[in-house]
Amino acid sequence: HAIHLPIYATGAGTLERLELPEGVAALRAEGAMIQPGKSGRLAGILVHGPTRQAALVRAQVALRSVEVEGVPTNLEKLREVVSSREFWEGKLTEI
């Protein structure tokens with residue numbers, strides 16, 4: 001089982017800090033200006049496990065280690081969805 005977690009800037013600003021889990025590459029460098037209407041994707045985390053539940057646990061751990069400063073992001077929404085009962089029960093399949 002694999003889960004992809006795309007991290008996006010949801011508004012404009014200067015990317016002051018971007019901390020990601022080990023092995024995840026940033027698509028934008030610190031200091032980058034994020035403009036409205038431009039691609040705001042900062043990174044994408046891909047986790048996997050032998051079961052959906054194992055992959056979800058890894059997703060939660062990975063999301064807890066992400067820190068972004070300077071621009072608003074979808075990070076809290078990702079954390080909320082990955083922790084929701086509906087997502088764990090497979091009733092919600094997309095973020």
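Reading burial, pairing and packing in a predicted model

Analyst: His-1 is exposed, with a relative accessible area of 57%, where exposed means over 50%, buried under 20% and partly exposed in between, using a 1.4 Å probe and protein chains only. The model is predicted, so local features need pLDDT of at least 70 and side-chain atom pairs count only at pLDDT 80 or more, while totals for chains, interfaces and linings use all residues. Residues are numbered from 1 along each chain as its sequence is written, and side-chain values use heavy atoms, with hydrogens and water left out.

User: Where is His-1 found, and which residues is His-1 in contact with beyond its neighbours within four places in sequence?

Analyst: Contact means heavy atoms within 4.5 Å. His-1 is found in the segment before β1, and, leaving aside neighbours within four places in sequence, its contacts are Val-47, His-48, Gly-49, Pro-50, Thr-51, Arg-52 and Ala-55.

User: Is Val-47 buried or exposed, and what does Val-47 touch?

Analyst: Val-47, which is found in strand β5, is buried, with a relative accessible area of 8%. Not counting residues up to four places away in sequence, Val-47 touches His-1, Ala-2, Ile-3, Ala-55, Arg-58, Ala-59 and Ala-62.

User: How should I read the faces of strand β1, and which strand does β1 pair with?

Analyst: In a regular strand the side chains alternate between the two faces of the sheet. Strands here are DSSP runs (E, at least two residues), as helices are (H or I, at least four), numbered from the N terminus. In β1 (residues 2–8) the covered face carries Ile-3, Leu-5 and Ile-7, whereas Ala-2, His-4, Pro-6 and Tyr-8 lie on the uncovered one. Two strands pair if DSSP finds at least two bridges between them; β1 and β5 (residues 41–48) do so in the antiparallel sense over 7 bridges, and the bridge partner of Pro-6 in β5 is Gly-44.

User: At what angle do helices α1 and α2 pack, and which residues meet?

Analyst: Axes are lines fitted to C-alpha atoms, for helices over the stretch in contact, and angles run from 0 to 180 degrees between N-to-C directions. Helix α1 (residues 52–64) and helix α2 (residues 75–83) pack at an angle of about 155 degrees, with their axes 10 Å apart. That makes α1 roughly antiparallel to α2, since angles over 145 degrees count as roughly antiparallel, under 35 as roughly parallel, 65 to 115 as roughly perpendicular and the rest as oblique. Leu-56, Ala-59, Gln-60, Leu-63 and Arg-64 in α1 meet Leu-75, Leu-78, Arg-79, Val-82 and Ser-83 in α2.
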